[in-house]
Amino acid sequence: MIELKKLTKSFAHAYRGLKVSIKEEQNLRIELVFCFIALSMGIYFQLVPLEWIILVITIALVIGAELFNTSLEKLVDLASPDLHPLAKKAKDAAAAAVFIFSFMAVLVGLYLFIPKILSHNLF
């Protein structure tokens, strides 16, 4: 059986981690703005269920990647407070992962929204 107290604590830790990350991480805030824009466009253009699934999964991947990147950066800073070439490589690789997820999210957004924008004669 699930221990309710333990589960509640887990959710509280996750909420606190998200709150702190939003407060401290500029890139996460920028990504959340784009998330809001994409969701608003989804509502405006009345995405079908499969398009919503694609959009929401894409958003979750970018936000999740950013949170993993933030976590790795904090751990690297803790483990190696002085500059170290391996620490830099680890942080750069994590940042590159977020970049790849974000780039793919842009492509997904273009795939989902360009046809709808063109069919609505918005330009």
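**Briefing: helix packing and a nonpolar core**

Asparagine 69 is buried, because its relative accessible area is 6%, where buried means under 20% relative accessible area, exposed over 50% and partly exposed in between, with a 1.4 Å probe and protein chains only. This is a predicted model, in which local features need pLDDT of at least 70, side-chain atom pairs count only at pLDDT 80 or more, and totals for chains, interfaces and linings use all residues. Residues are numbered from 1 along each chain as its sequence is written, and side-chain values use heavy atoms, with hydrogens and water left out.

- Asparagine 69 lies in helix α3, the helices being DSSP runs of H or I with at least four residues, numbered from the N terminus.
- Apart from neighbours within four places in sequence, asparagine 69 is in contact (heavy atoms within 4.5 Å) with Lys91, Ala94, Ala95 and Val98.
- Glutamate 73 is also found in helix α3, which covers residues 49–79, and it counts as partly exposed because its relative accessibility is 23%.
- When neighbours within four places in sequence are left aside, glutamate 73 is in contact with Glu25 and Lys91.

**How the helices pack**

- Helix α1 (residues 4–24) packs with α2 at an angle of about 100°, their axes being 5 Å apart, where axes are lines fitted to C-alpha atoms, for helices over the stretch in contact, and angles run from 0 to 180 degrees between N-to-C directions.
- That angle makes α1 roughly perpendicular to α2, since angles of 65 to 115 degrees count as roughly perpendicular, under 35 as roughly parallel, over 145 as roughly antiparallel and the rest as oblique.
- In this contact, Ser21, Ile22, Lys23 and Glu24 in α1 meet Gln26, Leu28, Arg29 and Leu32 in α2.
- Helix α2 (residues 26–44) and helix α4 (residues 85–119) pack at an angle of about 20° with their axes 11 Å apart, and they are therefore roughly parallel to each other.
- On the α2 side Glu31, Ala38, Met41 and Gly42 meet Val98, Ser102, Phe113 and Ile117 on the α4 side.

**The largest nonpolar core**

- Eleven residues make up the largest nonpolar core, among them Leu28, Ala38, Phe113 and Ile117, a core being a set of buried Ala, Val, Leu, Ile, Met, Phe, Trp, Tyr and Cys residues joined through side-chain atoms within 4.5 Å.
- Helices α2, α3 and α4 each supply at least two residues of this core.
- Leucine 28 touches Ser21, Ile22, Ile63, Glu66 and Leu67, not counting residues up to four places away in sequence.
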